[in-house]
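Here are my notes for a first look at this model. Please read them with the structure open.

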Amino acid sequence: MSNETAKNTAAKNPRKVLVLGATSGIAMQVCRLLAEQGAQLFLVARNEQKLAAVAADLKTRGATFIDTAVADLDDTSQHASLLSHAVNALGGCDVALLAHGVLGDPAELDASFEKAGAMLQTNLVSPVSLCMWLGKANTIYGASKAGLTAFLGGLRNRIDREGVTVLTIKPGPVKTSMTAGMKGEEKFADPKKVAAQIVNAIDKKMDVLYTPSIWLVIMFVVKHIPERIFKKLNV
Ligand SMILES: NC(=O)c1ccc[n+]([C@@H]2O[C@H](COP(=O)([O-])OP(=O)(O)OC[C@H]3O[C@@H](n4cnc5c(N)ncnc54)[C@H](OP(=O)(O)O)[C@@H]3O)[C@@H](O)[C@H]2O)c1
């Protein structure tokens with residue numbers, strides 16, 4: 001579709017866009033392009049003055065509807081009411097853009113779990129909460145573990161040179177109380193076998209262990225499935 005055709009289509013059927021963290025530098029540029037296509041925008045940000053300036057700018061650029069709400073998106077208890085208000089105001093939602101985030105000071109984050117926790121709240125817990133309300137996705141266990149894996153990767157990079165080994169253990173389904181009663185339970189791995197592989201990995205100072213080993217192959221394949229196919233799979 002050419003740009004002109006896209007603009008004409010958008011003008012006839014303006015997209016309803018919810019922007020969370022609307023004062024973000026990236027979000028503002030995205031919103032400008034959408035506004036030029038006549039989009040209807042609901043903007044959420046925590047700084048009232050900045051938000052008003054962004055809304056005024058987008059109005060002049062062609063947005064056909066603009067409403068705003070001031071909210072600190074760290075406060076997940078407000079997400080349900082905020083989103084239902086925004087979606088009602090827009091009369092639906094075609095696109096939700098989550099743009100809020102903080103970078104922080106690495107030295108301060110390393111020195112204070114309180115500050116680290118605050119960043120996790122903004123950059124991980126808050127978007128997950130918003131996505132749950134928006135999409136009702138049930139992928140939180142996997143996401144929490146993926147977040148931990150990323151954290152351990154960074155930690156390994158930092159402290160390996162000091163002679164400290166960080167071993168990330170990635171078990172497939174194992175027969176323990178956590179998986180009792182699950183479908184296919186009889187095929188789950190024996191915890192004794194898994195334990196032996198963990199001890200072996202510790203002895204060998206391995207970085208990452210998939211256990212039982214077949215999960216190395218399974219996850220290699222899963223990681224290489226293109227997103228457009230993965231999203232259609234029931235995994
Ligand atoms: N810029 C990059 O190079 C880069 C690269 C990769 C990923 N990202 C990610 O892209 C997203 C947008 O980043 P950006 O570059 O546009 O950064 P930015 O201009 O600093 O925008 C971040 C926005 O998040 C808002 N925010 C932070 N905490 C919030 C909270 N608790 N509630 C509501 N709003 C909150 C900030 O609001 P205030 O204005 O009130 O502070 C600000 O508008 C972020 O998630 C960032 O991590 C950026």
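1. Start at the end of α6. This is a predicted model. Lys-136 comes after α6, and its phi is positive, near 55 degrees.

2. Now go back along the helix. α6 covers residues 113-135. At Gln-121 the helix bends by about 45 degrees.

3. Look at the buried side of the story. In α6 the buried residues are Ala-116, Met-119, Thr-122, Ser-126, Pro-127, Ser-129 and Leu-130. Their packing partners are β1 (16-20), α4 (79-90), β4 (95-98) and α5 (106-111).

4. Next, the cores. The largest nonpolar core has 16 residues. Val-17, Val-19, Leu-41, Leu-43 and Leu-58 touch the most other members. Two or more residues each come from β1, α2 (25-36), β2 (40-45) and α3 (48-60).

5. Beyond its neighbours within four places in sequence, Leu-58 is in contact with Met-28, Cys-31, Arg-32, Ala-35, Leu-41, Leu-43, Ala-63 and Ile-66.

6. Turn to the ligand. Around the ligand are 16 residues. Thr-23, Ser-24, Gly-25, Lys-50 and Asp-72 come nearest.

7. In the side chain of Asp-72, an N or O atom is 2.8 Å from a nitrogen atom of the ligand. Asp-74 has a polar side-chain atom 3.2 Å from a ligand nitrogen atom. On its own, the ligand has 890 Å² of accessible area, and the protein covers 60% of that.

Notes:
Residues are numbered from 1 along each chain as its sequence is written. This is a predicted model: local features need pLDDT of at least 70, side-chain atom pairs count only at pLDDT 80 or more; totals for chains, interfaces and linings use all residues. Side-chain values use heavy atoms; hydrogens and water are left out. The bend at a residue is the angle between axes fitted to the seven residues ending there and the seven starting there. Helices (H or I, at least four residues) and strands (E, at least two) are DSSP runs, numbered from the N terminus. Buried means under 20% relative accessible area, exposed over 50%, partly exposed in between (1.4 Å probe, protein chains only). Contact means heavy atoms within 4.5 Å. A nonpolar core is a set of buried Ala, Val, Leu, Ile, Met, Phe, Trp, Tyr and Cys residues joined through side-chain atoms within 4.5 Å. A residue is near a molecule or strand if one of its heavy atoms lies within 4 Å of it. A polar contact is a pair of N or O atoms within 3.5 Å; within protein, one must be able to donate a hydrogen and the other to accept it, and residues adjacent in sequence count only if both atoms are side-chain atoms. Accessible areas come from the Shrake-Rupley method with a 1.4 Å probe; for residues, only the protein chains shown count as cover.
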